[in-house]
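This report describes selected strands and helices of one model. The account starts with strand pairing and then turns to helix packing.

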Amino acid sequence: MPLTLPSPTGLLAAIDMGSNSFRLEIGQIHGGRYRRHLYLKETVRLGAGLDDEGMLTEEATLRGLACLERFRRSLDGVAPSQVRAVATQTLREARNRDAFLTRATAALGSPIEVISGREEARLIYAGVSHLQPSRQPRLVVDIGGRSTEMILGQGRVPDEAESFQVGSVSLSMRYFGDGRFTPAAFRAAQIAAGAELEEALAAFRPGRWQEALGSSGTAGAVSEVLAATGRTDGRITPDALRWLISECIAAGSADQLDLPGLKPERRAVVGGGLAILYTLATHFRIDELLPAKGALRQGVIVDLHDRLMARHRAHGHDLRDDSVQRLQRRFTVDTAQAHRVRDLALRWHAQVEPDADAERRNELRWAAELHEVGQVVSHHDHHRHSAYLVAHVDAAGFSQSQQRRVADLVLGQRGGLRKMDEALARHDMAWQLLCLRLAVIKAHARGPVNLQAIHLTRQGQIAKLSWQPDWPASHPRTLHLLREEAEAWSRSGMLAVELPAA
């Protein structure tokens, strides 16, 4: 039966697990136009649940899980392959994030990806540029709970994207933690924000953009207050920010702050958000910041749509393919060897895991294409260098979670399997890894390979290799390595590899 591909024009869902709020959006892109079907937002304050040791508290965890369970009930009718959930700065920081993600994935019923700051910035710009297209060079700013993203771009293409570890929740907890608004607290918060953002002054200087947009919660909340009070039509200006800060100081505390348009859940974090906005306005000479129509969640949907469209094209590829090719060039990878390993690994994987989903096949392909990037560091133990680079390099389109899975495959390409015990606990990893290791062995001579020479079949947890009777005599070194490989898997207890009788 032919494989039915998920429709890129059907309903697509994005879950944005931010540091202050969790958001669910279900939308549809057809003919280049975006249509929203559902939007839910809950204030979870996950970022406020990080303790002094960087551990997410159980109280914050339970708030997040309860929200995700409610979101799950709204995802009926959306195919799992058309749902994407991303987590941002709080889970980038949390030392116990893996434990949280295990529980959160079960609550939501879909995988959750932790994305890097730069990837978050890229997705924010994707959402803004799709919903609010413009040919002008623009600056997009998104102040989240624990990070602030700044992006320069024109049209649909971001030219510069950075993430800074300062947000409305983290700054409010540090300088307005007692709920009091004082001139000294605002001055201190602005200095702290300026210190974090100072390195962006040259890259995001005014001459590089003609309009500035503020995306998501903080900018949207401040814009609503300014419009509701009649100070502006929603534009955020330095004068309007000074007025709003003075209103906070006059109120004395978050509990006493009562302004038209200010939602109650925003009071606790408005101080930190204002401090960052005013710092941006003065340091980057932003005369007016306009509220943006798009945000991270729409960017996730746009990106998911592009991935699904690539799968429907005969020769399509997504942004992650471009990133892999850039990394190959950057680290001077022997692409001919990478392609040999890739073709072998994918052929065998199709033989033993014919029902594997597209993402698992993609991860194996990318691991094969990047398995030797560490050669640029050292030939000795290059698999360890390769794994480190793959796990930590900025690669547009990839989540941190997916980069780690690809890096695990790269790490396991050779050597003992004990180092892979944790990774091999994932049910699909063992077969991916076996196919990659066999491909590295078959292509070890770095010359042309016959894809038909070795056949791999699966019987339960047994991998059976077969070949023509005269093949071993002409490939004694490869046969030696395959025997060692069978012994390695036997010791691991994960899989059994059987070779034909001599």
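Two strands count as paired if DSSP finds at least two bridges between them. In this predicted model, strands β11 and β12 run antiparallel and are joined by six bridges. Ile454 has Trp467 of β12 as its bridge partner. The two strands form a hairpin with two residues between them, and Gly460 in that turn has a positive phi of about 65°.

| Element | Residues |
|---|---|
| β11 | 454–459 |
| β12 | 462–467 |

Helix α4 (residues 117–131) should span 21 Å at 1.5 Å a residue, and its end C-alpha atoms are 21 Å apart, which agrees. Of its 15 residues, 13 are buried, so α4 is largely enclosed by the rest of the structure.

The axes of α4 and helix α10 (residues 296–312) come within 7 Å and cross at roughly 85°. The two helices are therefore roughly perpendicular. Contact residues of α4 include Glu120, Arg122 and Leu123; those of α10 include Leu296, Gln298 and Asp303. By class, the contact between α4 and α10 has seven nonpolar, four polar and three charged residues.

Technical notes
Residues are numbered from 1 along each chain as its sequence is written. This is a predicted model: local features need pLDDT of at least 70, side-chain atom pairs count only at pLDDT 80 or more; totals for chains, interfaces and linings use all residues. Side-chain values use heavy atoms; hydrogens and water are left out. Helices (H or I, at least four residues) and strands (E, at least two) are DSSP runs, numbered from the N terminus. The expected span of a helix is 1.5 Å times one less than its number of residues. Buried means under 20% relative accessible area, exposed over 50%, partly exposed in between (1.4 Å probe, protein chains only). Axes are lines fitted to C-alpha atoms, for helices over the stretch in contact, and angles run from 0 to 180 degrees between N-to-C directions. Angles under 35 degrees count as roughly parallel, over 145 as roughly antiparallel, 65 to 115 as roughly perpendicular and the rest as oblique. Contact means heavy atoms within 4.5 Å. Ala, Val, Leu, Ile, Met, Phe, Trp, Tyr, Cys and Pro count as nonpolar, Asp, Glu, Lys and Arg as charged, and the others, Gly among them, as polar.
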